[in-house]
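Here are a few exercises to work through with the model open beside you. Try each task before reading its solution.

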Amino acid sequence: MSTFDQALDRLREQVLTMASIARRNLGSAMRGLLERNTDLCNAAIAADQDVNELEKSIDQLGMQILLKFQPTAHDLRQVMGTIRVANNLERISDQACSIAKRARAINLLPEIPELTLIQPVYHLCARNLEASIQAFTNADPDAAASSRLLDKELDAAEKSVDQALLRVMEARQAPLEGYLHLIFVARFLERVGDHAKNICEDTIFIERAEDIRFDKNKRLETQG
């Protein structure tokens, strides 16, 4: 194995470690909300710093690889695309941290019967994130293209929960603070889905040399 391949393997290993922590943080934040467990919320918030440090390390290693080996074609895309995946994972962990902070506030309030409405959104979000990371891990652009389309279902679920909670808020005279926090949680989950979609696009960029982030024709094609 060449020195370049070894350096690239280290880069990917760090990104996969980052992905594992980001997924765990999201799970801890949501369990903290659904189980009213503030310790889990605190754990997700604290672990976000680990993800931030890993992103810094990945940026530094990626820059060293670019300067030392000056890769081209697929090798260059692997380095650049992997750095972009790390950036999206850092944003996902940020969203998990934001969910955990809202969950801590909700846990201080009386129980909200409608809390279970958030579960389908979370399940779709977790599914999309897992699929995107798996596509990247396997260097599978076809799986990435399929996983990317899952975001539409998550968007629809988030809008549905948003509307349902707004209807509850309009019908009740009770304090609305908890419902507002819950609306934000749903929106944070939707944003995690956006970053999962970005990881799919990064995988397609690495393997096919196609940057479809701003390609309207590709977006219409995959939406049809």
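**Exercise 1.** Count the helices and strands in the chain.

*Solution.* The chain has 8 helices and 0 strands, where helices (H or I, at least four residues) and strands (E, at least two) are DSSP runs numbered from the N terminus. Reading along the sequence then gives α-α-α-α-α-α-α-α.

Before going on, note that this is a predicted model: local features need pLDDT of at least 70, side-chain atom pairs count only at pLDDT 80 or more, and totals for chains, interfaces and linings use all residues. Residues are numbered from 1 along each chain as its sequence is written, and side-chain values use heavy atoms, leaving out hydrogens and water.

**Exercise 2.** Work out how helix 1 and helix 7 are oriented to each other.

*Solution.* Start with the axes: those of helix 1 (residues 3-34) and helix 7 (residues 177-208) come within 13 Å and cross at roughly 160 degrees. Axes here are lines fitted to C-alpha atoms over the stretch in contact, with angles from 0 to 180 degrees between N-to-C directions. Helix 1 and helix 7 are therefore roughly antiparallel (angles over 145 degrees).

**Exercise 3.** Find which residues make the contact between helix 1 and helix 7, and sort them by type.

*Solution.* Helix 1 brings L26, M30 and L33, and helix 7 brings L182, V185, L189 and V192; contact means heavy atoms within 4.5 Å. Sorting them gives 7 nonpolar, no polar and no charged (Ala, Val, Leu, Ile, Met, Phe, Trp, Tyr, Cys and Pro count as nonpolar, Asp, Glu, Lys and Arg as charged, and the others, Gly among them, as polar).

**Exercise 4.** State what share of the chain is buried.

*Solution.* Of its 224 residues, 48% count as buried, meaning under 20% relative accessible area with a 1.4 Å probe, protein chains only.

Conventions:
Parallel < 35°, antiparallel > 145°, perpendicular 65-115°, else oblique. Buried < 20%, exposed > 50% of the residue type's maximum accessible area, 1.4 Å probe, protein only.
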